[in-house]
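Reader: Hi! I'd like to talk through a structure with you, if you have a few minutes. Could you put it up first?

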Amino acid sequence: QVQLAESGGGLVQAGGSLRLSCAASGRTFGLYTMAWSCQAPGTEREFVARIYWCGISTYYADSVKGRFTISRDNAKNTINLQMNSLKPEDTAVYYCAAARVWGSRISDYDYWGQGTQVTVSS
C-alpha cells in the first residue's frame, strides 16, 4: 500500500508562512496526481491544490491563489505546499492525497495522509 506522511504544520502569526511537505512511500508505482486538501472543524474536506507527477498542470482553490504554491520532487516522491500570507481563516488540518487519475473529487483519491494541523493566530 501507499503511505503518505505530512509534515510542516504548526502555529504561525497572521501574515506569516509555512511550508508543508508530503512524502509518499510504499507501492507508489502508477500514481498520477498529488493533492493537498484541508478540513476545518465542522466542515467537509476541500481541495487546496493539485499537481501532476508529470507535466505542468496545477490547480488552486480561489481562496489561496497568489498565496499558496504547490510543487513536486519526483525523485523523492514528495510534494510541498508553500503557504504565504497566512490568514486565520486558513486554520485547518491539511491532508496530503494521491490518485491514479487527474481527480477533482475526494472519491478519486486512493490514498490519504493523517493530516497536519495549521493554526494561524490573529
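Predicted model: local features only at pLDDT ≥ 70, side-chain atom pairs only at ≥ 80, totals over all residues.

Reader: Good to know. What about charges: how many positive and negative side chains are there?
Author: There are 11 positive and 9 negative side chains, and the centres of the two sets lie 6 Å apart. Lys and Arg count as positive and Asp and Glu as negative, with His and the chain ends not counted. Each charge is placed at NZ of Lys, CZ of Arg, CG of Asp or CD of Glu.

Reader: And the fold, how many helices and strands?
Author: Zero helices and eleven strands. Both are DSSP runs numbered from the N terminus: helices are H or I with at least four residues, strands are E with at least two.

Reader: Why call the chain as compact as a globular protein of that length?
Author: The radius of gyration is 13 Å, close to the 14 Å that the globule rule gives for 122 residues, so the chain is as compact as a globular protein of that length. The radius is taken over C-alpha atoms, and the rule is 2.2 Å times the number of residues to the power 0.38. Along its principal axes, the C-alpha trace spans about 40 × 30 × 25 Å.

Reader: What percentage of the residues count as buried?
Author: Of the 122 residues, 43% do. Buried means under 20% relative accessible area, exposed means over 50%, and partly exposed is in between (1.4 Å probe, protein chains only).

Reader: And how many contacts join residues at least 24 apart?
Author: Among contacts between residues at least 6 apart in sequence, 56% join residues at least 24 apart. A contact means heavy atoms within 4.5 Å.

Reader: Let's zoom in. What does the side chain of Ser21 make a polar contact with?
Author: With the side chain of Asn80, at 2.7 Å. A polar contact is a pair of N or O atoms within 3.5 Å; within protein, one must be able to donate a hydrogen and the other to accept it, and residues adjacent in sequence count only if both atoms are side-chain atoms. Ser21 sits in strand S3, residues 18-26. Beyond residues up to four places away in sequence, Ser21 touches Ala5, Glu6, Ser7, Trp36, Ile79 and Asn80.

Reader: Ser7 then, which strand is that in?
Author: Ser7 belongs to strand S1, residues 2-7. At a relative accessible area of 40%, Ser7 is partly exposed. Its C-alpha is 5.7 Å from that of Leu20, 13 residues away along the chain. Setting aside neighbours within four places, the contacts of Ser7 are Arg19, Leu20, Ser21 and Thr116.

Reader: And Ala5?
Author: Ala5 is also placed in strand S1, and with 44% relative accessible area Ala5 is partly exposed.

Reader: Moving along, where does Gly10 lie?
Author: In strand S2, residues 10-13. Gly10 and Thr116 are 106 residues apart in sequence, yet their C-alpha atoms are 7.9 Å apart in space. Apart from neighbours within four places, Gly10 is in contact with Leu18, Gln117, Val118 and Thr119.

Reader: I always check backbone angles. What is the phi of Asn77?
Author: Asn77 has a positive phi of about 50° although it is not a glycine. Most residues other than glycine have a negative phi. Asn77 is in the loop between strand S7 (68-73) and strand S8 (78-83).

Reader: What about the phi of Ser85?
Author: That one is positive too, about 50°, and Ser85 is not a glycine. Ser85 is in the loop between S8 and S9, and is partly exposed at 41% relative accessible area.

Technical notes:
Residues numbered from 1 in each chain as written. Heavy atoms only, no water.
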